[in-house]
Amino acid sequence: MSVTLDHISKNFGTKTLFEDVCITFNRNRYALTGPNGAGKSTLLRIIMKEEAPTKGSVIHPMRTSCLKQNIHEFKDYTTLNVVIMGNSRLWNALQERDRLYEQEMTDAVGMRLGEIEGIIAEEDGYMAESNAEVLLGGIEVPAAYFHKKLHEIPQDMQFRALLCQALFGDPQALFLDEPTNHLDMESISWLERFLHEYKGVLVVVSHDRHFLNAVATHIADIDYETVIIYPGNYDDMIVAKEAVRGRSEADAKSREKKIAQLQEFVAKFRSGTRASQVQSRLREIEKLQPQELKKSNIQRPYIRFIPSEKQPGKVILTCEHLAKGFDTLKVIKDFNIEIHRGDKIGVIGNNGRGKTTLLKCLAKALTPDHGKLEYGNNVIASHFPQNHEEYINKKEDITLFDWLKRKKPNIYDQEVRAVLGKMLFGGDDAFKKVGSLSGGETARLIIASMLLQEHNLLLLDEPNNHLDLEAVSALGWALEEYKGTCVCVSHDRDLIDRFAKKIIAFTADGIEYFDGPLEEYLLVNSPTGESTNKKVVTTR
């Protein structure tokens, strides 16, 4: 059981993503990595035979499954049936059985029904609904949604149903593109456990570093116009990759030094009596000529948030009895907190419990229904919204350069270009139209605007969404080094681990404030955690 790529190449015009790739994915868990634009999703589609390579071929087992993104194709099926459709052989048999039972019973129909019942038994079809319910329950899709049509349930639950579809039916090879999107930390932990038990070939693309470290046994890294397999998880790959690159660069420098010495000898004795030695040195120079190192496509933005020179007071923000709801739904009830200068707070919790609502209230983008919210003296807030279109109007006919310049009047052009360059918009990229930007590019443009703005309080709602691993790492460093105050919503454990010293957790019982880092919060809230060590105040 394996997936083989035989001399795969993929070009878009003059751009080469990868060339002449020959690798085999065996029964291991592979993370497919590379920066945005490297070709991860393209290679995954080629592996799944959804996109043709420029040249080469792919061989994989009969029973394969992938995470689909085309929700609309399944909108009129019940959630349970959407999951069962993950086993196409079983689903086709069930559909044919239903059609045959509507026909007049003949010997031929009876014989065919017997064959179909055999297929259903082979595919464990009599337990299909039960198995689908286990998957949906594990990933926290409420039982009330099981028999509803897909378009009748919330969109994040629709994506979860498609993930369960990919996991259903014990496929021999499983291909997952960004499976942690729309999942909270509890659901991601469940997925990690499920994949640890999976016995087939797994190839996964994700921007969640913690998830990759928890799941991957190997890394398939797209770089240098090829795919290189590294044993171990993502962190192991980074160490190995830097070591290999370092050795290559050191070898190239050593060759250059030796060539310089030989050229000096040749120049000195070329016209003298040591012609044979000169020729020998020339041949040695030719052998030592280093091959040009292919350029790595890894690029890391440089993010450094510099707080305003206006020093705020000790108390940055105060909430007293804050409440916010929508129609009959009360999202936040009686929330109380006092945020102090220098606090670094991570906000975690399941989707739909009000994290974005809270952050919008803190940013004064939403008005609370009740209670008091006050900023301290000299507090200047900067808000990164989860919905990028609340900040950038993509229908506006404006370039990145002009949009960013508008954010800070009287700024010099070279300052705008410098910030764009730090966020990887070099050269003519500065004159792209904002409407043409991808999700990751849009996120980087919003961060670029925050680098220019004056602030001493950062309020960020899922800033890591759409960013690649290198950009998320740079963001984590920036928040850790920030000398101001920060409140950040994220499901990315690695990002929260990096900077947060306190936690606001949205739980089934209310909103909890924890005076300590994420790992400590998770420890004391685990089934084996010692409740006497908790520093939790329930605020709702």
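The structure is a predicted model, and helices H3 and H4 in it pack against each other with their axes 9 Å apart. Elsewhere, the second largest pocket holds about 460 Å³ of space, while the second largest cavity holds about 50 Å³. Helix H7 gives the most residues to the lining of that pocket, and H7 also gives the most to the lining of that cavity.

**The packing of H3 and H4**

- Two packed helices are described by the angle between their axes and by the distance between those axes.
- Helix H3 covers residues 88-101 and helix H4 covers residues 107-122, and the angle at which they pack is about 150°.
- Because angles over 145 degrees count as roughly antiparallel, H3 and H4 are roughly antiparallel to each other.
- The crossing in which H3 passes H4 is left-handed.
- On the H3 side, the residues that meet H4 are Arg89, Leu90, Ala93, Leu94, Glu96, Arg97, Leu100 and Tyr101.
- On the H4 side, the residues that meet H3 are Val109, Arg112, Leu113, Ile116, Glu117, Ile119, Ile120 and Glu122.
- Sorted by class, the contact of H3 with H4 has 10 nonpolar residues and six charged ones, with no polar residues.

**The second largest pocket**

- The lining of the second largest pocket is made up of 21 residues, and those that lie nearest its centre are Met185, Glu186, Ile348, Tyr521 and Leu522.
- Two or more residues of this lining come from each of helix H7 (185-197), strand S12 (344-349), strand S17 (502-507) and helix H17 (518-524).
- The contribution of H7 to the lining of the second largest pocket is five residues, which is the most from any element.
- By class, the lining of this pocket divides into eight nonpolar, seven polar and six charged residues.

**The second largest cavity**

- The residues that line the second largest cavity are Met185, Ile188, Ser189, Glu192, Asp208, His210, Phe211, His491 and Arg493.
- The elements that give two or more residues to this lining are H7 and helix H8 (209-215), and H7 gives the most, with four residues.
- The lining of the second largest cavity has three nonpolar, three polar and three charged residues.
- Met185 is one of the residues nearest the centre of the second largest pocket, and Met185 is also among the residues that line the second largest cavity.

Technical notes. Residues numbered from 1 in each chain as written. Predicted model: local features only at pLDDT ≥ 70, side-chain atom pairs only at ≥ 80, totals over all residues. Heavy atoms only, no water. Axes fitted to C-alpha atoms, helices over the stretch in contact; angles between N-to-C directions. Parallel < 35°, antiparallel > 145°, perpendicular 65-115°, else oblique. Left-handed = near helix turned anticlockwise from the far one by under 90°. Contact = heavy atoms within 4.5 Å. Nonpolar A, V, L, I, M, F, W, Y, C, P; charged D, E, K, R; others polar. 1 Å grid on protein atoms, 1.4 Å probe; cavity = no way out; pocket = protein on both sides within 12 Å on 5 of 7 lines; lining within 4 Å. Points joined across faces, edges and corners; volume = space filled by probe spheres on them.
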